[in-house]
Amino acid sequence: MLFHSPIFILGFLPICFAGFFALGHVAGATGALIWLTAASLVFYGWWNPAFLPLLISSVLVNHTIAGKIRHSEQPRTWMAAGVALNLAVLAWFKYADFLLHIVVSASPPLGITLPLGISFFTFQQIMMLVDTARAATSSPVMDRSPVSWPGLTRPSTTCGVCSGKVVDGRTKSGHDAMGTMGTAAAGASIVHAFLPYAAFVTFFPHLIAGPIVRGAEIIPQLTAPDFARPRDKNLAEGLLIFLLGLGKKCVLADMFGSFADTGFGAAARGIDLTFFEAWYATLSYALQIYFDFSGYSDMAIGLARMLNVRFPLNFDSPYQATNISDFWRRWHITLGAFLRDYLYIPLGGSRVGRLRQAANLMATMLLAGLWHGAGWNFVVWGGLHGLFLVIHREYRRLLPPLPAMAGQALTLAAVILAWVPFRAASLSATLIVFRGLFGLSGVALPQMIVAAFPPLSAFAEPVAVMPSLGDARTLSFPEVSACLLLGWFIVLALPNIHHMTERSRHLVLTASFALSAQAVFFAPHVAPFLYFRF
Amino acid sequence: MRRILLACGVSVLIYTVLFAFVLDRPLSLGALRARIEAGLARGAAIEGPKLVILAGSNGPYSHRCETIEPILGRPCINAGIAVGIGLDYLFARWKKLLHPGDIVYMPLEEAQYVRSRATAELGPDAAILLRHDRATLWSMPLHRRIAALFASDLRGGIMSLIEMALVRGGFRDPREAATGSFNARGDHVGHTRLLGSISQAALAAARPFHPSASELRNGYGASLVREFLDWANGQGIGVVGGLPTGFVDSPIDEDAVAAIRSIYRDGGAAFLELPGRSRYPRSAFFDTPDHLNEAAQISHSVAVGRALRQMAAEPAGPGGEASGVVARPDTPALTAPGLSGGLSATPMRLRAARGGPDKPGHDD
């Protein structure tokens with residue numbers, strides 16, 4: 001079930017909320033939690049009920065292993081077994097075909113269907129097992145080295161969990177700037193009971209595509225005595241954030257997605273892209289993936305808020321980052337925190353030599369790429385980001401920082417170019433797009449544009465229409481140009497909705513609601529969220 | 001919560017006012033609207049029996065009333081506009097101007113049969129209806145009216161601002177110089193092979209999409225055509241279905257052709273199938289797989305005109321039944337009850353031998 005589908009908005013959501021608060025009133029928080037878990041399973045099974053047993057088994061097995069970790073004398077062994085089991089399941093569903101193809105290139109595909117959200121619920125449960133083991137062995141709190149990737153301090157960021165301002169990377173209530181808690185706190189907060197654990201893992205707002213949240217952040221909220229009491233403030237705030245996220249997804253992301261699909265689709269078919277076709281497709285995709293995923297995250301945050309649960313912030317105007325480390329503190333924040341705390345730091349983090357640090361960064365980002373999908377294009381994307389992070393680290397060690405504007409421009413260029421392999425259907429399509437971006441497949445402009453501005457004919461070949469740009473119509477070029485200007489103005493010049501004033505949020509809702517309603521209830525095609533496939 | 005509801009309400013109000021009364025697309029939709037209205041005006045001005053070609057842009061680009069009219073000996077209006085214009089809208093406008101004895105030739109593009117209702121109701125005609133033709137909109141079903149109200153998206157709004165600014169700034173649409181223009185009958189003229197040379201690379205790479213027979217048979221557009229055929233039968237108006245022009249190397253499946261044919265035949269209309277099924281080499285096309293260049297357009301129109309004339313001239317099979325004339329397996333029978341109005345009192349048949357691709361420019 002998609003958050004932006006009519007069946008979810010008009011069917012699932014009202015029934016789920018009514019049942020939740022009614023049961024909360026009649027049967028207390030436990031009854032509401034049972035209802036919420038059941039509703040989440042319905043939400044998950046709506047797409048393909050065949051994978052419900054997988055999700056339920058995963059919850060049961062992981063909860064059992066967490067119990068073993070707490071009570072065993074060898075918690076680390078149980079943790080390792082649990083992590084290995086989770087990774088094995090993930091590998092089978094997500095990477096079996098990819099690995100098989102590497103070993104036997106001519107092998108036919110196994111045809112395994114990827115269960116929805118498996119990457120997310122697997123990672124969350126791995127975090128749970130590791131946190132439980134850390135608590136059980138009272139190991140040190142996570143690495144707090146001030147130089148560990150991607151850095152722990154940010155100037156002033158609202159934490160979605162506590163809505164407090166971050167001071168020195170930590171909020172008043174003890175959450176760090178990534179919206180996560182230290183391991184000791186996490187371990188201490190882990191609830192042993194099955195129901196809160198199951199409700200946490202299956203909680204529908206984050207089940208399919210995150211944010212990747214820790215049990216220690218969510219379970220205490222689910223077990224609060226007044227958890228199921230309706231609160232006007234939360235309902236209003238949550239609804240507002242949900243509707244603004246809906247607008248990001250349906251009005252902006254899907255519009256830019258259609259532009260990106262045209263260009264990347266042509267590249268996938270082996271058709272060369274001219275300069276503007278390639279740039280417009282790439283710039284459109286950069287906007288699509290941001291609006292799509294941050295829109296989804298906002299909708300998830302809003303839904304959870306309506307149910308009295310606060311999620312951490314997942315996006316913080318990432319294209320306004322002034323360097324690549326900053327980008328990773330703003331883009332998919334909860335994944336960045338996971339990679340930092342459960343991969344990069346255990347590998348040695350920044351406590352090791354420079355070469356080893358670089359290797360750790362590369363390994364972390366390559367795996368981040370692979371997490372997004374079993375394909376070499378994702379590996380290339382991860383590798384590029386690893387390389388960017390290594391270069392940035394070395395640059396920062398040797399030279400003074402760039403001026404903010406220059407840093408932002410360079411970061412943006414690097415991030416945008418790295419989206420090309422991420423989006424392209426294959427490495428050959430990636431090369432086609434790169435050739436276009438560098439003008440190696442020519443520069444063309446619509447005949448009408450060249451006729452109106454004759455000096456353009458000096459470098460652009462006039463064509464009737466640009467077949468791989470927008471809808472390939474006569475006026476597609478100015479149309480896509482104007483849309484891109486609007487999109488990039490929003491992401492570069494405006495605050496994101498979590499930093500807006502209440503008044504600004506209502507103004508944005510006034511501007512976007514009717515367009516969102518148009519897209520949800522009247523647009524003939526509903527595009528799924530990009531991150532559903534990861 | 002009250003402020004949220006207020007914001008939502010104001011949003012819908014602003015959206016409605018903007019798209020119904022303020023924003024307009026004078027270049028893109030304006031050009032389509034001008035052609036629709038020009039065709040209707042010509043149709044209204046003709047008193048005797050006439051031929052009306054209804055299709056997508058395949059109508060004006062690949063068919064030429066100027067050529068067909070003298071062959072058939074009756075005035076002709078090329079009322080095909082664009083594939084995205086709703087068939088229900090075209091039918092609603094033309095029904096008022098069609099009279100017994102008129103012939104409607106419909107070489108619809110395949111996409112017109114299979115578009116979903118949701119897609120069809122959000123076509124460019126929705127914005128035209130809401131902004132400029134609210135009388136017709138009001139006569140249409142409620143779902144169509146609501147869809148027209150919510151047909152515009154952010155892209156539409158942005159394009160409106162661009163087009164309105166261009167027109168206000170005196171911007172002259174250069175498309176005429178680039179692609180040719182439309183004559184008084186609604187034919188596209190001047191789309192020469194030379195002007196089309198700029199699109200040959202794109203045409204060479206184009207891969208037309210062909211829907212399946214089942215999609216064609218069950219499409220929303222097909223249901224609209226059936227409703228129109230019912231109405232035309234009752235009015236004594238002759239309808240002749242046809243195939244759109246397309247690449248010879250990308251033929252429509254036999255089953256799909258049969259599905260299209262059956263839509264018309266089962267509805268009591270005739271069906272015109274030229275030798276070669278209106279397939280031509282890619283070099284005969286102008287800028288898209290639906291648009292012949294001018295020379296091929298004329299040649300194709302000669303073939304269509306002669307076939308229509310032959311249909312009108314040939315007597316039906318024994319008995320002169322109104323429908324169901326049996327043809328040899330290789331010569332599909334064409335019944336056209338409505339053709340009786342002006343050309344013949346009985347069903348007619350056209351012997352259409354199956355052969356290779358038509359030869360544009362060749363005129364016998």
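**View 1. Strand β6(B) is mostly covered.** Strand β6 (residues 238-242) of chain B has 5 of its 5 residues buried (buried: 20 or more other C-beta atoms, placed from the backbone, within 10 Å of the residue's own). Strands are DSSP runs of E of at least two residues, and helices are runs of H or I of at least four residues, both numbered from the N terminus. The model is predicted: local features need pLDDT of at least 70, side-chain atom pairs count only at pLDDT 80 or more, and totals for chains, interfaces and linings use all residues. Residues are numbered from 1 along each chain as its sequence is written, with chains lettered from A and ligands numbered from 1 in the order in which they are written. B:G238, B:V240 and B:G242 point one way from β6(B), and B:V239 and B:G241 point the other way. In a regular strand the side chains alternate between the two faces of the sheet.

**View 2. β6(B) pairs with β3(B) and β8(B)**. Strand β3 (residues 103-106) of chain B runs parallel to β6(B) and is joined to β6(B) by 4 bridges (pairing requires at least two DSSP bridges between two strands). B:Y105 has B:V240 as its bridge partner in β6(B). Strand β8 (residues 270-272) of chain B is also parallel to β6(B), with 3 bridges. In β8(B), B:L272 stands opposite B:G242.

**View 3. Helix α19(A) packs against helix α1(B)**. The axes of α19 (residues 502-521) of chain A and α1 (residues 2-22) of chain B lie 7 Å apart, at an angle of about 45°. Axes are lines fitted to C-alpha atoms over the stretch in contact, and angles run from 0 to 180 degrees between N-to-C directions. On the side of α19(A), the contact residues include A:H506, A:L509 and A:F513, and α1(B) contributes, among them, B:R3, B:V12 and B:Y15 (contact: C-beta atoms, placed from the backbone, within 7 Å). By class, this helix contact has 10 nonpolar, 3 polar and 1 charged residues (nonpolar: Ala, Val, Leu, Ile, Met, Phe, Trp, Tyr, Cys and Pro; charged: Asp, Glu, Lys and Arg; polar: the others, Gly among them).

**View 4. The contact between chains A and B.** Chain B gives 32 residues to the contact and chain A 33 residues. With 8 residues, α1(B) gives the most to the side of chain B that touches chain A. That side has 21 nonpolar, 6 polar and 5 charged residues.

Conventions
Two residues are in contact if their C-beta atoms, placed from the backbone, lie within 7 Å. A residue is buried if 20 or more other C-beta atoms lie within 10 Å of its own, exposed if 12 or fewer, and partly exposed in between; C-beta atoms are placed from the backbone.
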